[in-house]
Structures are given as structure tokens and as C-alpha cells.
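Biologist: Before I plan anything around this chain, I would like to go through it with you, one question at a time. Could you show me the model?

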Amino acid sequence: MNERIYVIEDDLNIQEIIKLSLETSGYQVTLFDNAIEAIDKIKEYEPSLAIFDVMLPKMDGITAIKKIREVNKTLPILILSAKDREIDKVNGLDNGCDDYMTKPFGVLELCARVRSLLRRTNPKSSIIETPTLKIDKSKHIFKQNDKKIDLTHKEYQLLLYLIENKERVVEREELLNTIWGYDFIGESRALDVHIRSLRSKLGDDGNHYIQTIRSVGYRFIEMREDNDD
């Protein structure tokens, strides 16, 4: 295992706990006590994953993640924070992190979440193709009939997950947990908004790609115009 993980945390004791846990699991770990130095290092050498605290000196973690997402939409980012209100999680996930964990934390769960993020963002096959769509996961590029379509980070994750699970109906709760990282209690409209946006970008006004299964969820199903019969 040669994945390198950047840990941005200003509490030295927590730094060491995370470092020991991850290195015991076989990862290489680089520690930072502020986000500015971490951002500069990410530009120079992109890690496999970054773990950010929110309350940091010089620049808070949310601002740092937003800056990273302006130029890098694919780096897996986990927030590990003492801020445990639902609105804090919403803020972190909406601004670009892929998962959110609260302190105090268990080291076994932390390592499990890291493994899950790395599996999700570093799949074995980098190319997925359907009759009209193509996704290059290594380059974060999506094309429809060989024409590049610009997607937001969450739109990309959502479409990719639906295509990778096209043999079944994916329930709403599963999509919310997988793409946003937690249950959107009272906020599940976010999923509907992203589905509508995807359909618009795909020209999918007739549900030719994303089929709604009422009261259950969604399914990717590519319907060709010449299959009307």
C-alpha cells in the first residue's frame, strides 16, 4: 500500500493518534498544523486523501476545502471536527468534502471511512461506457456522444453511482448516504435538485437516462430512440 494521506489538524495529540492509526493500517501520513501550508503542498504533490479539521489557525478548514475544489474536484476529503451540529455537517458536505466525522472518534471507524473513500474514488477500472455516455474516472471527464458535459462534483458522483448500479433501483436514502455522506433529514430536496440538473444537462426530459421509481428512488436506464416499439 503506497497511498499518502495528508492530515490537517492543529491539535498535536490528535495528530499523533491519527498518524499512528493510519500508519498501522499501511498508509503514509504527512501532518500539517494549518491549511495554508497543506494547500500549497497539495498543489505540488497531490495525496490519495486529505483529512481536515474545521477550526484551524490562519484559514479554517471549510474555506480551505472550497479553495481546493476550485482547482481539484476529485481529491477525496474527509472532515474530522468537533463541530457536530447537523448544519455544520451540511456546510462541510455542501462545500466539497466527501465525508464528515465528528470528534471524539474511534480509530477503527476512521480507518474504515478512509478505506471506503479510497475505494470509491480509486476504482479498478477508470473508464465506464454505455451506448451514448462515457466517464473517465481517472480524469473526472464525462462525455455524451463524444461531447464533454460539465458536471458539478456532486452531479458527477451521483451520475457515476447510478451508472455503476444500473442493474437495480437505488433508494433515495442510499444515494443521500453515499453521495452526501449522511441522512438529509428534512433536506432531501437536494437530491431532487441534482437529479433535475443532471436530466437538464443530459437532455433527459423524457427520463431516457434516469428513471424515477416513485416513493423508492432512481434507476439508470438508457432508452434509445430507436427502441420505441
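Biologist: Which residue in the turn of the hairpin formed by E11 and E12 has a positive phi?

Modeller: Please keep in mind that this is a predicted model. Strands E11 and E12 run antiparallel and are joined by four bridges, and Ile213 stands opposite Gly217 of E12. The hairpin leaves three residues between the two strands, and the one in the turn with a positive phi, of about 65°, is Ser215.

Biologist: In what order do the strands of that open sheet of three lie?

Modeller: Besides its four bridges with E11, strand E12 (residues 217-220) is joined to E10 by two bridges, again in an antiparallel run. In these, Val170 has Tyr218 as its bridge partner, while Glu171 has Gly217. The order of the sheet, with antiparallel pairing, is therefore E10-E12-E11.

Biologist: Why is one side of E10 and of E11 left without a neighbour in the sheet?

Modeller: The order of the open sheet is E10-E12-E11. Strand E10 (170-171) and strand E11 (210-213) stand at the edges, so one side of each is left without a neighbour, because each has a single partner strand.

Biologist: How far apart in sequence are the parts that Glu9 and Lys103 tie together?

Modeller: The structure holds 12 salt bridges, and one of them links Glu9 with Lys103, the closest N and O atoms being 2.7 Å apart. Glu9 lies in the loop between strand E1 (4-8) and helix H1 (12-24), whereas Lys103 lies in the loop between strand E5 (99-102) and helix H5 (107-121), so the pair ties together parts whose separation in sequence is 94 residues.

Biologist: Is the peptide bond from Lys103 to Pro104 cis or trans?

Modeller: Most peptide bonds are trans. Pro104 is placed in the loop between E5 and H5. For the bond that leads from Lys103 to Pro104, omega is near -5°, and the bond is cis.

Biologist: Which residue in the loop between E8 and E9 is Asp146, by its phi, positive or negative?

Modeller: Most residues other than glycine have a negative phi. Asp146, in the loop between strand E8 (141-144) and E9, is not a glycine, and yet its phi, at about 70°, is positive.

Notes. Residues are numbered from 1 along each chain as its sequence is written. This is a predicted model: local features need pLDDT of at least 70, side-chain atom pairs count only at pLDDT 80 or more; totals for chains, interfaces and linings use all residues. Side-chain values use heavy atoms; hydrogens and water are left out. Two strands pair if DSSP finds at least two bridges between them. A salt bridge is a side-chain nitrogen of Lys or Arg within 4 Å of a carboxyl oxygen of Asp or Glu.
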